[in-house]
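Thanks for coming, everyone. I'd like to walk you through a structure today, so let me put it up on the screen.

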Amino acid sequence: MVEALRLRDDAAHDEPAVTLDAFLGQSNATAVRIEAGDDARLLLPHLDRLALIEVSFPKFRDGRGYSAGRILREAGYTGELRAEGDVLVDQIPLMRRCGFDSFAPAAPVDPAALERALERYDHVYQAAADGQVPVWKLRHG
Amino acid sequence: MLRMVPLPMLGRNLQVYQYDTYDQSIVDARVAEFRDQVERRLSGHLTEDQFKPLRLMNGLYLQLHAYMLRVAIPYGTLSSTQMRVLGDIARAYDRGYGHFTTRQNLQFNWIKLADTPDILEKLAKVEMHAIQTSGNCIRNISSDQFAGAAADERTDPRPWAELLRQWSTFHPEFSYLPRKFKIAVIAADEDRAAMRLHDIGLRITQQDGVAGAQVYVGGGMGRTPMIAPLVNDFVPLSDLMSYLEACLRVYNRYGRRDNMYKARIKILIHEIGVDKYRAEVAEEFAHIKTLGIDPPQAEFDRIAAFFADPAFADTTADAPVDRSDAGFAAWLDQNTHAHKRAGYTIVTISLKPTGGIPGDASADQIDAMADLAEAYSFAELRVTHAQNIVLPHVRSADLRAVYDRLVAIGLAEANLDLITDIIACPGLDYCSLANARSIPLAQKIADRFADPVRQRDLGELKLKISGCINACGHHHAGHIGILGVDRKGTENYQLLLGGSGAEDVSLGKITGPGFSEDGVVDAIERVTDRYLAERTDGERFVDTYRRIGMEPFKEAIYG
């Protein structure tokens, strides 16, 4: 398994993630993996016992996981949210804005390119799941 | 903390949106980001497959012969300074031409990949960019080219469009949608932006003194044309971003991703039904509205202030326009529209001279139009979805001077909305998707109907040509539409009648078997001859078609 790039301070969760079906079927697992087509809202009643949610990005063009990430954060999930699969360096800043704080790209990411990408934008136009203050709020205090 | 500081680049007295330090920092960062991405591509760190969505989100396409760069002209409004920079880029990096598009943007067709970061830097210096002019994201917001000038508008739609531009720029959740996403905003009864042929169409309105929008979702052209149904009759401004976010989230989660030809939101709405879609959006909206993502009224007001009226002159002593010159009078009748202010007129410059390429302008013509805007239209220009240019605020007393100058630069064609005012996609001459050429056909049709008297006699007749079923030339929405297809290795043209992209929106129907290039020109002539024989007083071509139906035209074409 690829070592995840983690942008959070707590210790990595080492329990393997189970499928959504397995999780909903009476499992007491604390880590779950959802596929791109799964409904993230099915997890909402169980967020307080989850430490890791892994969201699959089967192809970099498949953007369903961005909505899944925001939905989970908007519902108050504070555990690790990991983007796994065809995750490209230029997408990681957007994924961060949608609440992802852990990344397991199938192909290695150049750390220097990632650092540049994450530091590139000082400002954002819209509120999302990362707490960045949108410029309309900065403009009006 | 950074203070909001207006930047001095475009000049104080303009009626276009002007960047503050926040806007500028975002666009500058985009230039640096793209420079980085291009370097990684050129050095082999990115494969073409990985680079493609990145360059596309910056409007850079790989076409048949070169890269094409599509520059955003938000809601079709630009200043003379910005227009001049487009001319400079055409000269320095292209072959001296720019091509104005049906999304009110501008394309350069002969660009080198390695030059694009420098071009974007030049654009950023005049508050322009190529952000989201392509890719499966929210595209350039389009609007009424007469916004802020039209006699028939309720309010200026551009502050709404600018609010949407900012909201949609680098939207983190909606940058990898199932497919591209186009939004248009209008605020007049007449629809000059093909609003209901967009993924989302907004018509600004009021209810009980509160400003808001009617929201139409799921229109579009392409291979499955659909007219957008009304999804919400009134969303107040204070809820609009949340509501649109809900519309997009439902699409992002449930839109089809298994087949790119079925991935537009119109297919989702068609498959689940508008009622189910509306209910899903309502549920999502109820949740999103609690997140506090709608900008305050003060932000709308800040933006709206940029679009205040220019300092119109007192025109009460102006002499009436002298119409004694027939050429000038014809141009006045065809290419000008009523302005909301007495003594002023809206001028449309036709980019459809006979024999020309629809929407093309040379660098010198681009400069000359910028000069005209500075001298006669408060330094402001508009791009229309029909690929023409508008001088929105011309003092009527100056119309003759404007016309004379247009004659001198070869842009005085008096054919707005006539049969030679053709919308055409780039077609097989440029585009890697095309099945057939569009531009040479447009030129042949324009030649056939070149006689100005004949054109005027035919009256309003919107002719639109697409070189493949992706419908970039809006053939479904043409009073007469032409679709180029490939039939066993030869170019073949299908003819459609009865479409409209205006407030009387409708989709054209195919007449029958297709034609060769010359054959379709002949068929159009038989169609227009039949129209002339059948029309009653005051009927436009499309009115006659709607009254008498397809049969008489079929009979004229196929005998």
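This is a predicted model: local features need pLDDT of at least 70, side-chain atom pairs count only at pLDDT 80 or more; totals for chains, interfaces and linings use all residues.

Let's start with the sulfur of B:Cys431, whose closest cysteine sulfur belongs to B:Cys468 and sits 6.1 Å away, too far for a bond. B:Cys431 counts as buried, at 18% relative accessibility. Now look at B:Cys425. Its sulfur has the one in B:Cys472 as its closest cysteine partner, and at 6.2 Å that is again too far for a bond. B:Cys425 is buried as well, with a relative accessible area of 8%.

Let's move to where the two chains meet. On one side, 35 residues of chain A are in contact, and on the other, 50 residues of chain B. For those of you who like to think in areas, the size of an interface is often given as the accessible area lost when the parts come together. Here chain A and chain B bury about 3,900 Å² between them, with 55% of it on carbon and sulfur atoms. Which residues of chain A lose the most area to chain B? They are A:Tyr121, A:Tyr125 and A:Arg139, and together they make up 20% of what that side buries.

Next, the polar side of this interface. The rule finds 25 residue pairs in polar contact across it, counting pairs with both residues at pLDDT 80 or more. Four helices of chain A each supply at least two residues to the side that touches chain B: helix 2 (64-74), helix 3 (92-97), helix 4 (111-119) and helix 5 (135-140). Helix 2 gives the most, with six residues. Sorted by type, the residues on that side of chain A are 17 nonpolar, six polar and twelve charged.

Let me pick out one residue from helix 2 of chain A, A:Glu74. At 18% relative accessibility, A:Glu74 counts as buried. Leaving out residues up to four places away in sequence, A:Glu74 touches B:Arg249, B:His287 and B:Leu291.

From the chain B side, have a look at B:Asn252, which lies in helix 6 (residues 240-254). Is B:Asn252 buried or exposed? It counts as buried, at 0% relative accessibility. Beyond its neighbours within four places in sequence, B:Asn252 has contacts that include A:Gly63, A:Arg64 and A:Ser67 from chain A, and B:Glu173 and B:Phe174 from chain B. The side chain of B:Asn252 also makes a polar contact of 2.6 Å with that of B:Arg257.

Now, salt bridges. Side chains of opposite charge can pair when their charged atoms come close. Over all chains, a search finds 78 salt bridges, and across the interface of chain A and chain B the rule finds 13. In one salt bridge, A:Arg61 pairs with B:Asp49, with the closest N and O atoms 3.2 Å apart. In another, B:Arg253 meets A:Asp39 at 2.5 Å, N to O. B:Arg253 is in helix 6 of chain B, while A:Asp39 is in the loop between strand 3 (31-34) and strand 4 (52-57) of chain A, so this pair joins two chains. B:Arg253 counts as buried, at 13% relative accessibility, whereas A:Asp39 counts as partly exposed, at 27%.

In chain A, the side chains of A:Glu54 and A:Arg82 meet at 3.5 Å, N to O. A:Glu54 lies in strand 4 and A:Arg82 in strand 5 (residues 80-85), so the pair ties together parts that are 28 residues apart in sequence. A:Glu54 is buried, with a relative accessible area of 9%, and A:Arg82 is buried, at 5%. Both residues belong to a network of salt bridges whose members also include A:Arg6, A:Asp10 and A:Arg33.

In chain B, B:Glu525 forms a salt bridge with B:Arg454, and the closest N and O atoms are 2.7 Å apart. This pair links distant parts of the chain: B:Glu525 is in helix 15 (residues 517-534), B:Arg454 is in helix 14 (residues 452-458), and they are 71 residues apart. B:Glu525 is buried, with a relative accessible area of 19%, while B:Arg454 counts as partly exposed, at 24%.

That's my tour, and I'm happy to go back to any part of it.

Key
Residues are numbered from 1 along each chain as its sequence is written. Chains are lettered from A and ligands numbered from 1 in the order in which they are written. Side-chain values use heavy atoms; hydrogens and water are left out. Contact means heavy atoms within 4.5 Å. Buried area is the accessible area (1.4 Å probe) that two parts lose on being put together, summed over both. A salt bridge is a side-chain nitrogen of Lys or Arg within 4 Å of a carboxyl oxygen of Asp or Glu. A polar contact is a pair of N or O atoms within 3.5 Å; within protein, one must be able to donate a hydrogen and the other to accept it, and residues adjacent in sequence count only if both atoms are side-chain atoms. Ala, Val, Leu, Ile, Met, Phe, Trp, Tyr, Cys and Pro count as nonpolar, Asp, Glu, Lys and Arg as charged, and the others, Gly among them, as polar. A disulfide is a pair of cysteine sulfur atoms within 2.5 Å. Buried means under 20% relative accessible area, exposed over 50%, partly exposed in between (1.4 Å probe, protein chains only).
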